[in-house]
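Please open the model in your viewer and keep the selection panel at hand.

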Amino acid sequence: MTSKERVYAALAGRIPDRVPYGEFAVDFDTVERVLGRETYLRAKAKSQIAFWEGRDDEVAASWLEDHIELHRKLPLDIVTFPMATWEMPAPGDDPPPRRVDATTWEDRRGRVYKLSEATQDITCVHDPVRDARVFTAAEFEREPEPPRRDERSWKILDAVIREFKDEKYICGPSGGSVGIVLLGGMERGLLELAANPEAVRAATAYEVRRQNLADEVLIHPDSDAVMWAEDLGFKTGPLIGPAMFRDMFLGANKERVRNVKGKFGKKIVKHCCGNINLLMDFFVEIGFDAYQSIQPTAGMDICRLKRDYGDRIALWGGVAVENLVGGTPEDVRADVRRAMACAKPGGRFILGASHSIAVGTRYDNFLALLDEHSKLCQY
């Protein structure tokens, strides 16, 4: 079987020749060990700084060339396109943020950005523009504008897909995932759900219309699936309860799935961290074909999920990110053995990390994952 055939079989509940292997992402420090050189691929902070300094072409070349070479060197059955692999920033007239210190930037509107040393990511930690905004239902009653395709980004995406479309399973982008609409960010968004539900409902309907339009632009015709990457849970439970999810967001997510599957014929893979045990029935009802991440440190046990849901949705994960980063090769091998023992039988299983090959992963642990998979993957 080719990688593409192998994954198609696993998602359909057929038994492939071996358990497929895939990752949501492989971060830059592991990419650099594999390629033997520096990269911008999945180097989120490094890429952002390069964009601010006007070195877009340098980043784009790395994202294209290094993505292809990485998949030539690793036994990944699935090609994915998470952040810092293909989507270039939109051109604009705003000057780049000024550097305040070694880890802090501020833009002309007062937004403050901080570097996380642990994740090597730059995030906005203060946004006075967003915080001052008042959300009303009326503002979301307008019809969205059809988006334009960014040809620089599409060139990267298209080149990687053309390289692997006949060989590997392609999880490409789409117009987006509704998930849970949190107006104004995480903390404020949860408050808006309680205090301003009509605006949230209007925003949710608007997002469905906008994302359906964007599918026309962003779904690649040669992709096999789209991957929706949005976390819906904390470590101890979902961001909102199942009753609120059903009332406010279930229908919108089902409509998005109908558009992607009915109009474009693509499978849908859901990447979601956190404890979402109370939402798993919704994942099946919405129509997700696979659930990726399965965070064991948040109470998501792959063996229990296989028992309860393995005949209705494919499971993708099994190896704890915490063991890849802070454990030993034997810890990683034990994760692989346990996942294979309980999730391999009957198919609908893809081995991978519980999130990704994250920044800080020990290279010998990553090699142990690949080696143990190769020993146990055959059906």
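In the residue classes used on this tour, Ala, Val, Leu, Ile, Met, Phe, Trp, Tyr, Cys and Pro count as nonpolar, Asp, Glu, Lys and Arg as charged, and the others, Gly among them, as polar. The model is predicted, with local features requiring pLDDT of at least 70 and side-chain atom pairs counting only at pLDDT 80 or more, while totals for chains, interfaces and linings use all residues. Residues are numbered from 1 along each chain as its sequence is written, and side-chain values use heavy atoms, with hydrogens and water left out.

**Enclosed spaces**

Begin by selecting Ala25, Val26, His67, His71 and Thr80, which lie nearest the centre of the largest cavity among the 14 residues that line it. A cavity is a set of points, on a 1 Å grid over the protein atoms alone, where a 1.4 Å probe fits but cannot get out, whereas a pocket is an open set with protein on both sides within 12 Å along at least five of seven lines; lining residues have an atom within 4 Å of a point. The volume of the largest cavity is about 120 Å³, a volume being the space filled by probe spheres set on the points, with grid points joined across faces, edges and corners. Its lining divides into eight nonpolar, four polar and two charged residues. Helix 4 (56-73) and strand 1 each supply at least two of the lining residues, and helix 4 gives the most, with three; helices (H or I, at least four residues) and strands (E, at least two) are DSSP runs numbered from the N terminus.

Next select Ser177, Gly179, Leu232, Phe245, Asn253, Lys270, Ile286 and Phe288, which line the second largest cavity. This cavity holds about 30 Å³ of space, and its lining comprises four nonpolar residues, three polar and one charged.

Now display the strands: seven of them form an open sheet in the order 1-6-7-8-9-10-11, with parallel pairing, where two strands pair if DSSP finds at least two bridges between them. At the edges are strand 1 (78-80) and strand 11 (349-353), each pairing on one side only. From one strand to the next the twist averages 30 degrees, with axes taken as lines fitted to C-alpha atoms, for helices over the stretch in contact, and angles running from 0 to 180 degrees between N-to-C directions.

Within this sheet, select strand 6 (residues 169-172) and strand 7 (residues 225-229), which pair in the parallel sense over two bridges; cysteine 171 has alanine 225 of strand 7 as its bridge partner. Moving on, five bridges join strand 7 to strand 8, and the two run parallel, with methionine 227 partnered by valine 269 in strand 8. Strand 8 is largely enclosed by the rest of the structure, because five of its six residues are buried (under 20% relative accessible area, with exposed over 50% and partly exposed in between, for a 1.4 Å probe and protein chains only).

**A buried threonine**

Select threonine 204 in helix 8 (residues 197-218), which counts as buried because its relative accessibility is 4%. Setting aside residues up to four places away in sequence, threonine 204 touches Val178, Val181, Met248, Phe249 and Ala252, contact meaning heavy atoms within 4.5 Å.

**An open pocket**

Finally, select Trp52, Pro89, Ala90, Asp94 and Pro95, which lie nearest the centre of the second largest pocket among its 22 lining residues. The volume of this pocket is about 540 Å³, and its lining divides into ten nonpolar, three polar and nine charged residues. Helix 3 (residues 44-52) contributes the largest share of that lining, three residues.
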